[in-house]
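User: Please take a close look at a single part of this structure and describe it in one connected answer. Give the cut-offs for each term as it comes up.

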Amino acid sequence: MTASLRARRLLAAAASAGVLAGGSVLGASATASATPTPSAVASVVADDRDHRHDQWDRHERCNWVNGHWAKKWVKGHSEWKWHQGTWHKGYWDHHGKWHDGWWEKGHWKQHWVPGHYVGHWVPGHWNCHHKW
């Protein structure tokens, strides 16, 4: 009985190998018929090379912009401003008595600043906007 069991296993292994080999041959023929022409493949490869998004290849796609001063519009807003104290002169009162001069304390006061341009520094950077 062991001989017949071995024979059945051997036949099953050979049959499955044949089926697998036949399936791969059929699969290869199916993909071969579905492949595009060589000219279409070349155009797809060239197009892929032009539009790759590789961050390490900046010299082809990006350019370096040096640092520069730029103007930025700031809309109108209110802000706090420090007003210095003022000096009050000494004076003679109507009784003939002298009163010494004195400094008034400074104080913060809010005032309106209209919209205006402000110059600010833009540091150097890679500019890739036009290449994507």
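Analyst: Helices (H or I, at least four residues) and strands (E, at least two) are taken as DSSP runs and numbered from the N terminus. By that rule the protein chain has three helices and 10 strands, in the order α-α-α-β-β-β-β-β-β-β-β-β-β from the N terminus on. The model is predicted: local features need pLDDT of at least 70 and side-chain atom pairs count only at pLDDT 80 or more, while totals for chains, interfaces and linings use all residues. Residues are numbered from 1 along each chain as its sequence is written, and side-chain values use heavy atoms, with hydrogens and water left out.

Some totals give the setting. Of the 132 residues in the protein chain, 6% are buried; buried means under 20% relative accessible area, exposed over 50%, and partly exposed in between, with a 1.4 Å probe and protein chains only. Among contacts with a separation of 6 or more, 72% are between residues 24 or more positions apart, where contact means heavy atoms within 4.5 Å.

The structure holds one disulfide, a pair of cysteine sulfur atoms within 2.5 Å. It joins Cys62 to Cys128, with an S to S distance of 1.8 Å. The torsion about the S-S bond of Cys62 and Cys128 is about 110°, so the disulfide is right-handed. The two cysteines are 66 residues apart and link distant parts of the chain: Cys62 sits in the loop between helix H3 (58–61) and strand E1 (63–65), and Cys128 in the segment after strand E10 (125–127). Both Cys62 and Cys128 are buried.

Asn127 lies in strand E10 and is partly exposed, at 21% relative accessibility. Apart from neighbours within four places in sequence, Asn127 is in contact with Cys62, Asn63 and Val65. Asn127 and Arg61, 66 residues apart in sequence, are 8.9 Å apart in space, C-alpha to C-alpha.

Aromatic rings come next. The whole structure has six aromatic pairs; rings of Phe, Tyr and Trp (its six-membered ring) pair if their centres lie within 6.5 Å, with planes under 30 degrees apart counted as stacked, over 60 as edge-to-face and the rest as tilted. One of the pairs is Trp64 with Trp126, edge-to-face at 5.6 Å centre to centre and 75° between the planes. Trp64 is in strand E1 and Trp126 in strand E10, so this pair too connects distant parts of the chain, 62 residues apart. Trp64 is partly exposed at 47% relative accessibility, and Trp126 is partly exposed at 32%.

For reference, Trp82 and Trp108 have ring centres 5.3 Å apart and planes at 65°, so that pair is edge-to-face. Trp82 lies in strand E3 (residues 77–83) and Trp108 in strand E8, so the pair ties together parts 26 residues apart in sequence. Trp82 is partly exposed, at 39%, whereas Trp108 is exposed, at 55%.
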